[in-house]
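The following exercises concern the reading of a single protein model. Each states a task and then works through a solution.

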Amino acid sequence: MSTQQLAATTVVEADRAALARVSALPLDGFRDEHLATQLRRALASEGVADAGALARRLAADPTALRRFRRSIAVSVTGPFRDPHQFDLLERELLPPLLARPGRLRVWSAGCSDGSELISAGRVLSRLGGLERAQLLGSDLLEENVERARAGTAELPEAELRLRLRWERRDLLAGAAPGGSWQLILCRNVAIYFTAAARERLDALLAAALAPGGVLLLGRAERLRDAAALGLVPAGPHAYRRPA
Ligand SMILES: C[S@@+](CC[C@H](N)C(=O)[O-])C[C@H]1O[C@@H](n2cnc3c(N)ncnc32)[C@H](O)[C@@H]1O
């Protein structure tokens with residue numbers, strides 16, 4: 001694909017496949033417009049003429065490869081991002097979960113550097129629920145998982161540090177972490193996914209929810225068909241599996 005062709009918002013299938021192979025990213029799950037934009041930028045920043053040359057550059061240059069992978073898997077995050085969602089968690093979503101006995105398993109799916117899960121852990125701590133919580137963050141990029149691990153080691157709160165686990169996981173590969181989850185956060189992850197990939201992800205998240213469990217999506221996201229997945233609305237961008 002030439003730079004000129006890339007002005008279009010679609011990506012030639014063979015280019016997508018070549019870049020997926022070399023980057024080890026699930027590019028078939030990402031929207032054409034996102035891919036075309038990031039390709040255009042990569043061609044310019046790497047100084048190569050077409051997707052074939054870019055694939056060869058990525059295969060030969062780990063730094064370029066890392067740049068490309070980061071550009072596709074946009075990792076913007078931060079502590080208490082979209083604070084009203086953490087207010088919702090603290091005031092409405094977590095208290096009913098904490099009113100029930102037993103472990104509280106929380107999964108941040110697409111956790112980036114871990115800020116989201118650590119923020120949720122701090123809310124749980126304020127609510128007195130941290131001691132029985134198990135907190136897992138997963139992300140597509142190993143480097144994000146490593147950042148989350150390194151950040152955890154620096155946390156001042158020993159109780160929170162103890163409860164956090166991180167793992168690499170591709171949400172488009174079709175498997176959730178084992179067991180069922182009382183709270184799943186999957187915010188701002190599916191923004192760049194195709195409709196088909198979002199549908200697969202919705203089903204995967206819904207199936208991983210425990211009875212009574214809550215799924216919180218990003219502030220611009222919603223499930224395509226909550227009822228078909230057996231979920232009911234629990235608040236803005238939040239869904240519950242009836243107990
Ligand atoms: C914009 S960040 C959102 C981080 C956090 N959830 C938040 O809202 O602050 C999107 C994250 O999703 C991850 N991601 C993208 N595609 C993924 C996939 N197929 N499987 C797992 N994580 C993915 C990216 O690596 C990135 O860390």
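This is a predicted model: local features need pLDDT of at least 70, side-chain atom pairs count only at pLDDT 80 or more; totals for chains, interfaces and linings use all residues.

**Exercise 1.** Determine where Asn188 is placed, whether Asn188 counts as buried or exposed, and which residues Asn188 touches beyond its sequence neighbours.

*Solution.* 
Step 1. Asn188 belongs to the loop that runs between strand 4 (181-186) and helix 9 (195-208).
Step 2. The relative accessibility of Asn188 is 15%. Buried means under 20%, so Asn188 counts as buried.
Step 3. With residues up to four places away in sequence left out, the residues touched by Asn188 are Arg81, Asp82, Gly218, Arg219 and Glu221.

**Exercise 2.** Carry out the analysis for Pro177: its place, its accessibility and its contacts. Then state the C-alpha separation of Pro177 and Arg219.

*Solution.* 
Step 1. The loop between strand 3 (164-168) and strand 4 holds Pro177.
Step 2. Pro177 counts as buried because its relative accessibility is 7%, and the cut-off for buried is under 20%.
Step 3. Apart from neighbours within four places in sequence, Pro177 has contacts with Trp107, Leu136, Glu167 and Arg169.
Step 4. Arg219, one of the residues touched by Asn188, lies 42 residues from Pro177 along the chain. The C-alpha atoms of Pro177 and Arg219 are 24 Å apart.

**Exercise 3.** Describe the interface of domain 1 and domain 2 by its contacts, its buried area and its salt bridges.

*Solution.* 
Step 1. Begin with the bounds: the domain assignment places domain 1 at 5-72 and domain 2 at 83-240. Taken over C-alpha atoms, the centres of the two domains are separated by 29 Å.
Step 2. Count the contacts: 10 residues of domain 1 meet 12 residues of domain 2.
Step 3. Turn to the polar terms. The rule finds 2 salt bridges across the interface, and 6 residue pairs are in polar contact between the domains, both residues being at pLDDT 80 or more.
Step 4. Locate the contributions on domain 1. Helix 4 (residues 62-72) supplies the largest share of the side that touches domain 2, namely 3 residues. By class, the residues of that side comprise 3 nonpolar, 2 polar and 5 charged.
Step 5. Consider a specific pair: a salt bridge links Arg70 and Glu143, with 2.4 Å between the closest N and O atoms.

Terms used. Residues are numbered from 1 along each chain as its sequence is written. Side-chain values use heavy atoms; hydrogens and water are left out. Helices (H or I, at least four residues) and strands (E, at least two) are DSSP runs, numbered from the N terminus. Buried means under 20% relative accessible area, exposed over 50%, partly exposed in between (1.4 Å probe, protein chains only). Contact means heavy atoms within 4.5 Å. Domain bounds come from an automatic or database domain assignment. Buried area is the accessible area (1.4 Å probe) that two parts lose on being put together, summed over both. A salt bridge is a side-chain nitrogen of Lys or Arg within 4 Å of a carboxyl oxygen of Asp or Glu. A polar contact is a pair of N or O atoms within 3.5 Å; within protein, one must be able to donate a hydrogen and the other to accept it, and residues adjacent in sequence count only if both atoms are side-chain atoms. Ala, Val, Leu, Ile, Met, Phe, Trp, Tyr, Cys and Pro count as nonpolar, Asp, Glu, Lys and Arg as charged, and the others, Gly among them, as polar.
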